[in-house]
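Please walk through this model one level at a time. Keep the sequence and the coordinates side by side.

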Amino acid sequence: MNSEAETKTNELPIDDPFAELLIEKDVRGRSLWVDAWQRLLKNKAALVSIVIMLVMLLLIVFGPMLLPWEGDFTDWDNTSSPPSLKTGHWFGTDPVGRDILVRTLEGGRISLLVGLVATLVSLLIGVSYGAVAGYYGGMTDRVMMRVVDIIYALPFMFFVILLMVVFGRHIVLIFVAIGAVNWLDMARIVRGQTLSLKNTEFVEAARACGVDHHAIIRRHIIPNLLGVVMVYVTLTIPQVILVESFLSFLGLGVQEPMSSWGALVNDGAQDMESAPWTLVFPAAFLTVTLYCFNYIGDGMRDALDPKDHL
Amino acid sequence: MALLSVSNLEVEFKTAEGVVKAVNGMTFDVHEGETLAIVGESGAGKSQLVLSFMGLLAENGRVAGTALFHGNDLLQMKPKELNKIRGRHIAMIFQDPMTSLNPFLTIEKQMMEVVMHHQGLSRDEARSHAVEMLRAVRIPDPEERIKQYPHEYSGGMRQRVMIAIGLLCEPELLIADEPSTALDVTIQAQISELVSELRKETKMSLVLITHDLSAVAEIADRIIVMYAGEAIETGTVDEIFYSPQHPYTRGLIASVPRLDRVSDDELQAIPGNPPNLLALPEGCSFRDRCSEATEQCYQRPPLWRAGSGRTSRCFQGIEGGEIVAEPTGEGEE
Amino acid sequence: MSKPVLRVQDLAVTFTSFTGGWLQRHERQLRAVDGISFELHAGETLGIVGESGSGKSTLARGILGLIKPGRGRVMWNGEELNCLNEEELRQKRKELQIVFQDPVASLNPRMTAGDIISEPLWTFYPNMERLQVEERTRGMMKVVGLLPNQINRYPHEFSGGQCQRIGIARSLVLNPKLLICDEPVSALDVSIQAQIINLLKDLQKKLGLALIFIAHDLSVVRHISDRVMVMYMGQAMEVSNKTNLYRRPLHPYTNALMKSVAVPDPKLAAAMRKESWLTGDMPSPYQRPKGCIFHDRCPFKVKRCEADVPALRRMEDGDWVACHRAEELDLSIEVPASG
């Protein structure tokens, strides 16, 4: 290390009026994320949605443990019974006597799990793919994006059915199938953002400082993308849950005895006239979740909007 | 009577960190045919000052005080009434001509929109009026160029177009917010010259907002120097440049690199940074950067006046002047 | 006379674009930098002045290899930078640094001031101890006039002038030998400009840097330069020693620039206004005038200027000018004593 420069750095400049004050403690910085978070919390719809989702999460994770029966317990005395406090089945039972409340909560576990995991997969693949394509540009970018276009053109359902037929209805397969398609959108969005970030002055400054490509992508490009990505993620999760529900509705989703909201809705739809509660509750949970994620997504987009930022 | 008469104007913003007082009691007049320059650093409140009586403040801003235009208080007007005045009687030009012009519309459309809205002229009348304005701001071949888009103009020409748009309705008052800051030196010089000539031709009053004191030496009649939301010195252009009273004004003048002074020494910079409006120093807001500050300056300085329009907010006072207003004792923050 | 550390020979940067639709695509060339040559010694400051479109920012990037030059050579300490591959050039960044015009845009809004300044250290000295890095970063902050306790703050929490100081600290943390400042004060308030100019001058003396200071205003470079180059549409009009240039510019364009500068003196400003003669705008770079590139705006032109391109040639006192009539014209600036 340059010792010559070492000594130079100890001198104070002439016009610094605070030279004598040399305050000891470091001042805490207020990052843009903190700003955005505060703005998000001011958004009432988003705040309520966050609270609802947290409550739902708690219910889904801990609820089934607190209830006296499991999802596959069949209460032969109370088949197809409507919701009542007397029987202890607050959401009623289905034709086989299974408690709808427990089924809904356990179904929620699967739905949310699929939502989160598939989104995570698409996030990891999509962000790295898109950032690399956007950053390196040129032929790399063109080839990579053509691949995306080709996969995009493949019919999703066909692909999923093919996978199911070949590998059977396994839950991991659902993650793979959904994740494998969703990353495409993420990659496109990230590539677009990367293209505009690439030309910012601070990226140019990093290059001028000799920072290598990997570090630029890691330190400069990706953190500045995260805002957009996070908004997209909160909007992808409900999308994925819905896709899974649709698959289940078609009978291609999770297998019994595991259930998801989609599967429950499917079952409930069949008994809609005789036992409407078997449809209403899972559908309500599904709908509320979708709404909440959408409000949170909107709120995040507003909170991260640079125009409002002074 | 003055064309525009501002009294005790205050502008506050509610932010996450508290209430920020961007403008703290400004009182001044703009007379017919005069050019007033409001000079100050970023954050001094000069833009917020005019945005407030133009009805263009951000949502979290609050205004107090009065701004009388021909005797009518702009601050009390409903948006509909204000709209009749904006563009027609008071026009405003903003800093960056590239972002002030709509890149998707031809210059023709943008200019005609203004004229037809305010003066109810027919399309042909509007077009020839617009072409005349472009000619007045020295744009070559105006009949041809009016059909072009903003990106086909150079920066200097875009600024001229902005001035032309401002002049379309022959307003009585034109407000220009940092009109030359984004422009090259030779273009700035040309725009200054243009503005000088236009002033002679019309009776228009001009309010120029800038951080560059030198830029207004040529065209201003009077100058208000703002710091931390207050007018710390006012006077005619000769008074301000040839006998500045306030240390900040003196500092501003001294810190400009000059061609006419031969010096290899350091530039006399004003130390420190523009003040944080949430944490102004006790007493005089300029105290912590002032090379002439004394013990006294821990108190709010009084306002001195010498003749009409010549004021200074400093303990040093003005020669031949008198104290007009004791410090309000309003201990800020 | 010591050897120059930087030698630029006939540097040119051209941008190609395409116009026309599918059927009639034709290529357009923009010669942003059109043959610039100069030398620079350690401890010396070259001021480069030009308006928008003069190519000065492109020149800065071309010298550093941030944009690939179309032709010409850049010799740094005898080594030719254009011959280096990407990795070798990257290593050279330790010695060649740049400060940008927009102080806020040149800082990553998601990184703290400390991280921004430390990044070059992480890049070239990855094995340096964390504490050492921090110490050097804080030291650097002090040197540029920032309080070290602000190390964890983000760019949006600093003023424009302070952000520029962060940028300067970042560029100097590796102790480079050449610093190019691309309009470092143009985006700052006039009251802060003086601080930054003083700071740069001071740092240059202390660190023995070779400094290139780019500006659009002749008065700004005056305080800091030893020599000044005036650029117009990618070409050098004049490269003169400072004292000479300000007293007697050799090129009409330099004379015009000087007359356009704003001064904080009403009477002087009015007097200068009377003398200024430059009108119109720079011609479009796609329609470059033939012959001397300035001839269409020059009041002193003669027939020759329309056809022959004047080469940058050396005058008696070591200054260079690109004008056919340099010997005959007296473009001295008589500045009346200011009140």
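The text below goes from confidence to domains, then to a helix pair and a chain contact.

This is a predicted model, in which local features need pLDDT of at least 70, side-chain atom pairs count only at pLDDT 80 or more, and totals for chains, interfaces and linings use all residues. Residues are numbered from 1 along each chain as its sequence is written, while chains are lettered from A and ligands numbered from 1 in the order in which they are written.

Start with chain A. Its mean pLDDT (the predictor's confidence in each residue, from 0 to 100) is 82, and 91% of its residues reach 70 or more. Helices here are DSSP runs of H or I with at least four residues, numbered from the N terminus. Residues 1–21 of chain A have pLDDT below 50. Beyond near neighbours in sequence, that stretch has 28 contacts in the model. Two residues are in contact if their C-beta atoms, placed from the backbone, lie within 7 Å.

Now chain B. An automatic or database domain assignment sets the bounds: domain 1 covers 4–89 + 173–282, and domain 2 covers 99–168. Their centres, taken over C-alpha atoms, are 26 Å apart. In the contact, 10 residues of domain 1 of chain B meet eight residues of domain 2 of chain B. On the domain 1 side, helix α8 (residues 185–201) of chain B gives the most, with four residues. That side divides into seven nonpolar, two polar and one charged. Ala, Val, Leu, Ile, Met, Phe, Trp, Tyr, Cys and Pro count as nonpolar, Asp, Glu, Lys and Arg as charged, and the others, Gly among them, as polar.

Next, a helix pair. The axes of α4 (residues 107–119) and α5 (residues 123–136) of chain B come within 9 Å and cross at roughly 115°. Axes are lines fitted to C-alpha atoms, for helices over the stretch in contact, and angles run from 0 to 180 degrees between N-to-C directions. α4(B) and α5(B) are therefore roughly perpendicular, a class that spans 65 to 115 degrees. Residues of this contact include B:M111 and B:V115 of α4(B) and B:A126 and B:A130 of α5(B). The contact residues divide into six nonpolar, one polar and three charged.

Finally, chain B meets chain C. The contact takes 38 residues from chain B and 41 residues from chain C. On the chain B side, α8(B) supplies the largest share, five residues. This side divides into 18 nonpolar, 11 polar and nine charged.

Key: Helices (H or I, at least four residues) and strands (E, at least two) are DSSP runs, numbered from the N terminus. Angles under 35 degrees count as roughly parallel, over 145 as roughly antiparallel, 65 to 115 as roughly perpendicular and the rest as oblique.
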